[in-house]
Amino acid sequence: MVAPANSFLAALKLFQNGHFTEAQRRLNDIVQVDPQQTEAWHLLGLIEFQKSNFNDAVKHFHRAVQFDPFSAKYLTNLGSAWHALGETREATTCFERAVAADPHCAESHTYLGIIRLQQESLDAAEACLQTALLDAPQSWQARLNLGNVFRERRQLEQAAEQYELALSIDPDSAEALLNLGELRVEQGRTVEAVPHLRRAAALRPRVAEIRFRLADALREIGEHAEAITAYQRALSFKASSFDGWVGLGQSSAALEQWSDAVASFRNAVSLQPDSAAAHSHLGEALRRSGNSDEAARHLAVASVLELK
């Protein structure tokens, strides 16, 4: 028995409107009636992918590919699910099959470029990404990762150009904002980095690493009060960050908030008791706060660790 076409169209409309649970229920009914309904299997895979259920997404996309092994769309999405699971070999096979079926499949070329970049095959990565951009010049993902290729080669201005192009296409790409901010810091242009890092942090407020990068940049340009706020927010998500506690302590010390600096450096020492720098920072903060005996002990430990 073949499921009526209007059943799939109704499920598709539910999916497009974000009603995933009802769409999924109807699609399951469709594939029970007609197991060869490839678009239904594909849409079930997209729903599971949206929910980050990548193993289930692989199963559904695989069923679609079984019935249509030359569909670049199905192969690309199957590869995307494998890639999300960290299964690089399976993902690469799917993307290579996709571009063989459709040499203009920009998404698969982009994914292949990302994989080659992860494998540190920079020339191969660039070739894949440039091919993607021939067919999809407005692909922010291809621009972003081409920027990453240039950054790995230390071609920093070319990298910045690609990040800026990515942001012209998608101004809300937190990854492009973060990468451009980090790159400007690397170039010694930290003042220019801060707006990009602020925007990235606003877009991804619960990502600790972005807030740490913002805090570091603010500390570097002397904006210690704002840096303290950024460090505190980042550490609320990742209290195990040694560098975060050190940075917070340094900004507190810069504002002569010695008790806060001592507390931060104590946390740093507890995380890395063999760090000469942490003991030295703690010793100096203790000395400035009037605790000379304990300060002397930590400064002595720092001196011994520096000799190792």
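**Figure 1. Leu14 in helix H1 of a predicted model.** Leu14 counts as buried because its relative accessibility is 17%, where buried means under 20% relative accessible area, exposed over 50% and partly exposed in between (1.4 Å probe, protein chains only). The residue belongs to helix H1, residues 5–16; helices (H or I, at least four residues) and strands (E, at least two) are DSSP runs, numbered from the N terminus. Leaving aside residues up to four places away in sequence, Leu14 touches His19, Glu22, Ala23 and Arg26, a contact being heavy atoms within 4.5 Å. Arg26 is 12 residues from Leu14 along the chain, and their C-alpha atoms are 9.5 Å apart. This is a predicted model, in which local features need pLDDT of at least 70 and side-chain atom pairs count only at pLDDT 80 or more, while totals for chains, interfaces and linings use all residues. Residues are numbered from 1 along each chain as its sequence is written, and side-chain values use heavy atoms, with hydrogens and water left out.

**Figure 2. Helix H3 and its two ends.** After H3 comes Ser52, with a positive phi near 65 degrees. Buried residues of H3 include Trp41, His42, Leu43 and Leu44, as well as Glu48.

**Figure 3. Helix H16 and its cover.** H16 has 14 residues (258–271) and reaches 20 Å from first to last C-alpha, close to the 20 Å expected. Its buried residues are Trp258, Ala261, Val262, Ser264, Phe265, Ala268 and Val269. Among the elements covering them are helix H15 (242–254) and helix H17 (276–288).

**Figure 4. The whole chain as context for the close-ups.** The protein chain holds 18 helices and 0 strands. Its radius of gyration is 26 Å, well over the 19 Å that the globule rule gives for 308 residues, so the chain is more spread out than a compact globule; the radius is taken over C-alpha atoms, and the rule is 2.2 Å times the number of residues to the power 0.38. The C-alpha trace spans about 85 × 40 × 35 Å along its principal axes. Of the 308 residues, 47% are buried.

How values were computed: The expected span of a helix is 1.5 Å times one less than its number of residues.
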